[in-house]
Amino acid sequence: MHAALLDEAHRAIEKKLPERGNDYRLGYHLSPPAGWMNDPNGLVFFRGEYHMFYQHHPYSAQWGPMHWGHAKSRDLVHWEHLPIALAPSEPYDRDGCFSGSAVVADDTLYLIYTGHQWLGETRNDEQIRQVQCLASSADGITFTKQGVVLQTPPDPSIMHWRDPKVWRRDGQWWMALGARQGDDPQLLLYRSADLHHWEYLSCALQGRREPDGYMWECPDIFELDGCDVFLYSPQGLKPCGYDNWNLYQNSYRTGRLDDSGQFTPCGELHELDHGHDFYAAQTLLAPDGRRLLWAWMDMWESPMPSQAQHWCGALSLPRELSRDGDRLRMRPARELTALRQSQTLLQIDEVASTSHVLDVQGALLEFELELDLAGSSAERFGLALRCSEDGRERTLLYFDAMARRLVLDRQYSGAGVSGVRSVPIAPGQTRIALRVFLDRSSIEVFVDDGAYTLSSRIYPRPDSLLASAFAVNGTGCFGSMSAWRLADLQI
Ligand code: FRU
């Protein structure tokens, strides 16, 4: 049954491929060959390769009954698509194999995921049943469902509990789940010796609708530089100042997880990325000890113009995590320098109340530069990227001296999207160091060595390829800048 459904899903993808449009197709980010993608799932290192699974709907570019798409990589740069790993096939997961994680035990690859059922109308979130399920694979390609391992939540009134994250701690398997009790969010923990039998350990953290939201999706808990981090995707946070303007957030808190399963936060709640499109992030401990993170580089209910071209959804670039007090730093994975092709050194120095077209253009570019705040007098200065010849399309990244913020503006970034996002620049700060990655329909900005990041989808026309440096009312000081064309891997 499962095998036949997977075959059918593959045929659906094969059928769509010739119709797929490539205007917005990403060159070096993972996206589905056709159909829909959301959360990254089951990040795992197995027999010398990184495996990435993802929420996938192969039958259309809209969200639908969730499958697990699958790809693998040796180097975090080149990805190979593999057959779909999971399809809804059993009564317990008939309406979707929702998000989850992967572990390796005795050289076998295990997937732990949420089986979803609609009990009333499809998409009526008020009548659902969710269970936690296990699947295994000896070869890392073909998966056999092992059935339900957690049938009922600790409080039977809970309907929403999902996205199991399993990890090893002190010789046992631990599982974190996000849950919704009434309108309050919870982080639940379970423990197991064998991945099949689980005992309830604790409600590690209890939230309240105000101010914590109503549901914590996609939890992840890991140790980082001597501290524990609870990473999650809260639904229902209210916008506040410059924060929380996306429909849902991706947030974290540092703290301590004790052996009895209590998580005691010690830091503030922080947004993980400050762009428009970043959700459901998950991490992986690489063999060399680095904590790597990927997110879904989209947001629920945002415009997704690539749907008209029969595909939709992408994952962010992999990022290396480190900790600074109660804040996380995210740097692009060091392997990504392998994407760099020809380099252009741009010596712009000053731009005075005008814009200066750069001697580099393209859809797949990386920039490395510094904005010299101390030497500048402009009200705003920065880069205009993916500009059309007529100047109508452009994506702006600039320092706003009045607000003292670094702003990413996608008001004119092409089909469907709009709005600005920004991060604060400290009062005494004299320079901003930037690394910017452009792909055909995305921009990822790493600010001050990963102290902040902004990740957003943009949908300029394929021929909007110019880049310029600009300053408004005064001079902007850029110094020297490097730009690279990046490899078009078409993954
Ligand atoms: C997060 C999420 C998860 C769920 C999955 C369904 O984006 O809502 O909580 O498992 O997507 O596709």
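This is a predicted model: local features need pLDDT of at least 70, side-chain atom pairs count only at pLDDT 80 or more; totals for chains, interfaces and linings use all residues.
The largest pocket holds about 870 Å³ of space. Its lining comes to 35 residues, and those nearest the centre are Asp125, Arg162, Glu217, Gln235 and Tyr248. Strands E1 (35-46), E5 (97-105), E6 (108-118), E7 (128-137), E9 (160-169) and E13 (215-224) each give two or more residues to that lining. By class, the lining of the largest pocket splits into 14 nonpolar, 12 polar and 9 charged residues.

Next, the second largest pocket, at about 490 Å³. Here 23 residues form the lining, with Val166, Trp167, Arg168, Leu285 and Arg291 closest to the centre. At least two residues each come from E1, E5, E9, E13 and strand E18 (279-285). Which strand gives the most to this lining? That is E9, with 5 residues.

Now the cavities. There are 6 of 30 Å³ or more in the structure. The largest cavity has about 70 Å³ of space. It is lined by 13 residues, and Leu30, Trp79, Trp294, Ser316 and Pro318 are the closest to its centre. That lining has 11 nonpolar and 2 polar residues, and no charged ones.

The second largest cavity has about 60 Å³. Its lining consists of Tyr242, Asp243, Asn244, Trp245, Asn246, Glu271, His274, Arg421 and Ser422. By class, the lining of the second largest cavity has 2 nonpolar, 4 polar and 3 charged residues.

That is the end of the list.

How values were computed: Residues are numbered from 1 along each chain as its sequence is written. Side-chain values use heavy atoms; hydrogens and water are left out. On a 1 Å grid over the protein atoms alone, a cavity is a set of points where a 1.4 Å probe fits but cannot get out, and a pocket is an open set with protein on both sides within 12 Å along at least five of seven lines; lining residues have an atom within 4 Å of a point. Grid points are joined across faces, edges and corners, and a volume is the space filled by probe spheres set on the points. Helices (H or I, at least four residues) and strands (E, at least two) are DSSP runs, numbered from the N terminus. Ala, Val, Leu, Ile, Met, Phe, Trp, Tyr, Cys and Pro count as nonpolar, Asp, Glu, Lys and Arg as charged, and the others, Gly among them, as polar.
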